[in-house]
Amino acid sequence: MLLITFLMVETFMVASAGNFNKDVDITWGDSRGKILNNGQLLTLSLDKASGSGFQSRNEYLYGKFDMQLKLVPGNSAGTVTAYYLKSQGSSWDEIDFEFLGNLSGDPYIVHTMFIRKGKVIESNNSTYGSTQLLIFTLTRFSGILDTLCSFYVDGRPIREFKNLESLGVPYPKNQPMRMYCSLWNADDCATRGGLVKTDWSQAPFTASFRNFTANACALSNGVSSCSTNSSSNNAWFSQELDSSSQKVLKWVQKNYMVYNYCKDAKRFPEGLPVEFTVRNRKQIKI
């Protein structure tokens with residue numbers, strides 16, 4: 001069972017334990033998305049005609065978002081299960097977890113990515129879990145504090161992204177975001193760069209979601225629902241990685257990371273963008 005955490009924090013916070021009937025809308029896929037068990041379980045399915053997805057009814061500026069996620073079991077090659085935050089418009093911000101399916105017995109690839117004003121800032125890939133591990137817990141994308149965004153899997157930090165706006169590095173912090181989840185076909189790129197295609201004889205593919213929880217600042221008609229003192233009840237409000245967590249982060253990146261955007265010289269033959277040179281100069285982990 002894997003726990004993945006995404007956190008976005010600001011001065012004013014609210015907490016809510018989720019019920020899918022109240023908290024989300026299934027937005028595409030016709031009847032391929034289903035809310036079951038009195039709102040405690042949501043399933044998405046994918047067949048050759050279409051995938052499916054849902055989004056939170058609320059928009060959030062900052063907060064911590066927990067989700068239990070059961071990925072497609074067995075041969076999931078070509079499929080992508082996504083859990084992410086995204087703002088609206090053509091100049092959007094986005095913070096992603098994407099799980100790239102694989103052949104039976106091979107690990108999933110966990111893809112993390114930041115987009116600022118419609119442009120990818122940084123992305124990393126790590127191997128994590130296998131198609132035989134049926135339950136994944138998506139607990140905390142632990143992140144947008146004004147100074148730090150970090151990702152956790154099963155309580156272990158796998159990535160952090162510091163705010164270096166003062167040094168010219170874009171940072172996704174101003175636009176309110178919704179939470180989204182989706183299951184879709186990406187056999188042109190998902191598995192081994194598109195070499196392994198989706199086996200439609202295995203369809204429909206199904207991913208399951210439970211226990212969505214948002215400790216966050218929700219917006220309604222542009223007005224915050226948060227109280228001025230609610231952050232005092234959240235120990236994680238000013239949480240940063242301590243020395244032991246930094247050691248875990250280094251261990252995960254050493255043993256599981258398979259792609260680092262900042263080291264892709266082929267992608268940037270004329271030189272790495274400013275965010276990479278700044279981070280290398282400051283020796284800041286990503």
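UniProt lists N102 under "glycosylation site", and the entry is an unreviewed one. Keep in mind that what you're looking at is a predicted model. Here's a quick tour, starting with that residue and moving on to the nonpolar cores and a serine.

**The listed site, N102**
- You'll find N102 in the loop that runs between β9 (94-100) and β10 (107-116).
- Is N102 buried or exposed in this model? Its relative accessibility is 9%, so N102 counts as buried, the cut-off for that being under 20%.

- As a bit of background, nonpolar side chains in soluble globular proteins tend to be buried together.
- Here, the largest nonpolar core has 38 residues, and the members touching the most others are F54, M67, M179 and F209.
- Which strand gives the most to this core? That's β16 (residues 205-220), with seven residues.
- Skipping neighbours within four places in sequence, F54 is in contact with a list of residues including F20, V24, I26, L42, L44, M67, M179 and F209. That list also takes in D25 and T27.
- Another core lies apart from it, made of five residues, among them V80, L100, A186 and A190.

**A buried serine, S56**
- S56 sits in strand β6, which covers residues 52-56.
- With 0% relative accessibility, S56 counts as buried because the cut-off is under 20%.
- Its side chain reaches the backbone oxygen of N58 at 2.8 Å.
- Leaving out residues up to four places away in sequence, S56 touches D23, V24, R178 and M179.
- V24 and M179 also turn up among the contacts of F54.

Conventions
Residues are numbered from 1 along each chain as its sequence is written. This is a predicted model: local features need pLDDT of at least 70, side-chain atom pairs count only at pLDDT 80 or more; totals for chains, interfaces and linings use all residues. Side-chain values use heavy atoms; hydrogens and water are left out. A nonpolar core is a set of buried Ala, Val, Leu, Ile, Met, Phe, Trp, Tyr and Cys residues joined through side-chain atoms within 4.5 Å. Buried means under 20% relative accessible area, exposed over 50%, partly exposed in between (1.4 Å probe, protein chains only). Helices (H or I, at least four residues) and strands (E, at least two) are DSSP runs, numbered from the N terminus. Contact means heavy atoms within 4.5 Å. A polar contact is a pair of N or O atoms within 3.5 Å; within protein, one must be able to donate a hydrogen and the other to accept it, and residues adjacent in sequence count only if both atoms are side-chain atoms. UniProt positions are given in the numbering used here, feature names are shortened, and annotations may be inferred rather than shown by experiment.
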